[in-house]
Amino acid sequence: MLIDELFREIDENKDLMVKIRRHLHMYPEVSFGEVNTSKYISDFYASLDCEVKTNVGGNGVLVAIDTGNAGPSIGLRADFDALPIQEETDLEYSSRVSGVMHACGHDAHTAYLMVLAKILIKHKKELKGKIYIIHQHAEEMTPGGAIGMIKTGLLDNIDNFFGIHVMSEFELGKVYYHKGETQQGRSKFTIKLIGKGGHGSSPHSANDAIVAGSYLVMALQTIVSRKLSPFENGVVTIGSFDGKGTFNIIKESVTITGDVRAMSDKTMKKIEEQIYSIANGVAQTYQMKVDVDFKLDYPILYNDSDMTDLVISAVKSSGLPVEDCGALPPSEDFSHYARLKPSCFFYVGANKKGTKSYPHHNSHFVIDEGCLEICAKALASVVVKYMS
């Protein structure tokens, strides 16, 4: 059977996956600056029987595998950007770039998909339709690489998208999924309050923006506790309060930036309306001018029921354990693909039982590289089932 042959070749290429992953780990590049990583990926495909497009929507790489047989088109996506974090793992292959680290597993995503793609190219005549390998840049930074790649129009003919994220705190050896709303949407906002500066000895002659801004920060926290139903999911975080000045000068203006997460478009809209309402109310109370800018960043990631059932069935048939992990708090720009076509984004555990794990975006982040083989086998089983 084809799936048995694919699994055998994945086993044979485990060392290659590890080699690629460690190279990427040593030479990370942050979002929108992944020039060398993009070239490394495209060079890998240069001698293979496929079509390669570079600089897709930025630093993205798109690989088209035409089986020559009529059938659907499937998109397989892996991201490859790193984070501005100083690595503190003491691994022999730790980052060689000061202040930059693969602290989210994107090096693993890229490594397993490159090797799986190579194997699928070898066996393409045994499949039906077209396979698009989407090596995506800039998942970590707004506006994200997904939307840029989509806007090129090169993905329009893809019928469905699939992707995997390794999870450092999920058990190694297992595949995880969730149907429907799976990862929170994310928005960001900036509020500038403008009062009247003055001397610290004469507050009555000024209009203190720091006092008004402090009240605003606390008032914004009431959105979740008092404006959302207990059955709604939402988070409002103030990430920056820019009111730096001098000890004896009353600040004329402050700028506040924040982050919003929600698990439904309706909830996100409700939070947005409340931010505008509260900011304008505080400004009126303190007799100040206010400027509010609210931008939707990544939409809610929605996993299509039929595509998720296909993943569950394919993974189970491959002999890998699969379970529902429930909805997850972080945002993910795969959500743009899932808005474009029915899709499924699922997860592979990367923590060996009994070993210490660190969360994603942590300077001590590590994964068990055994997850590479599991990612490749899980997605291979999805491809075979989808294209059969």
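Visitor: Hi! For the contacts in the chain with a separation of 6 or more, what share comes from residues 24 or more positions apart?
Guide: Residues 24 or more positions apart account for 82% of those contacts, where a contact means heavy atoms within 4.5 Å. This is a predicted model, with local features needing pLDDT of at least 70 and side-chain atom pairs counting only at pLDDT 80 or more, while totals for chains, interfaces and linings use all residues. Residues are numbered from 1 along each chain as its sequence is written, and side-chain values use heavy atoms, with hydrogens and water left out.

Visitor: Okay, how many helices and strands are in the chain?
Guide: The chain has 11 helices and 16 strands. Those are DSSP runs numbered from the N terminus, with helices being H or I of at least four residues and strands being E of at least two.

Visitor: And what box do the C-alpha atoms of the chain fill?
Guide: Along the principal axes, the C-alpha atoms fill a box of roughly 80 × 45 × 40 Å.

Visitor: How much of the chain is buried?
Guide: Of the 388 residues in the chain, 53% are buried. Here buried means under 20% relative accessible area, exposed means over 50%, and partly exposed is in between (1.4 Å probe, protein chains only).

Visitor: Let's talk helix packing. At what angle do helix 2 and helix 11 cross?
Guide: Helix 2 covers residues 14-26 and helix 11 covers residues 370-387, and their axes cross at roughly 115°. The two axes come within 9 Å of each other. That makes helix 2 roughly perpendicular to helix 11, since angles of 65 to 115 degrees count as roughly perpendicular, under 35 as roughly parallel, over 145 as roughly antiparallel and the rest as oblique. The axes are lines fitted to C-alpha atoms over the stretch in contact, with angles from 0 to 180 degrees between N-to-C directions.

Visitor: Which residues in helix 2 and helix 11 meet?
Guide: From helix 2, Lys14, Met17, Val18 and Arg21 take part. On the helix 11 side you'll find Leu372, Glu373 and Ala376.

Visitor: How far apart are the axes of helix 2 and helix 3?
Guide: The axes of helix 2 and helix 3 (residues 35-45) are 11 Å apart, at an angle of about 160°. That makes helix 2 roughly antiparallel to helix 3. Ile20, His23 and Leu24 in helix 2 meet Thr37, Tyr40 and Phe44 in helix 3.

Visitor: I've got my eye on Asp107. Is Asp107 buried or exposed?
Guide: Asp107 counts as buried, with a relative accessibility of 0%. Look for Asp107 in helix 4, residues 106-122.

Visitor: Which residues does Asp107 touch?
Guide: Leaving out residues up to four places away in sequence, Asp107 touches Arg21, Leu24, His25 and His102. Arg21 also takes part in the meeting of helix 2 with helix 11, and Leu24 in that of helix 2 with helix 3.

Visitor: What about Ala262, buried or exposed?
Guide: Ala262 is buried, with 0% relative accessible area, and belongs to strand 12, residues 253-262. Its C-alpha atom is 5.2 Å from that of Gln184, a residue 78 places away along the chain. Besides neighbours within four places, the contacts of Ala262 include Gln184, Gly185, Asn233, Gly234 and Ile300.

Visitor: Which residues does the cis peptide bond join?
Guide: A cis peptide bond joins Thr142 and Pro143, with omega about 5°. Pro143 is in the loop between strand 4 (130-136) and helix 5 (145-151).

Visitor: What's phi of Asp90?
Guide: Phi of Asp90 is near 65°, a positive value in a residue other than glycine. Asp90 is placed in the loop between strand 3 (73-79) and helix 4, and counts as exposed at 78% relative accessibility.

Visitor: And where is Gln287 found?
Guide: Gln287 is in the loop between helix 8 (265-285) and strand 13 (289-298). Gln287 has a positive phi of about 55° although it is not a glycine, and is exposed with a relative accessible area of 69%.
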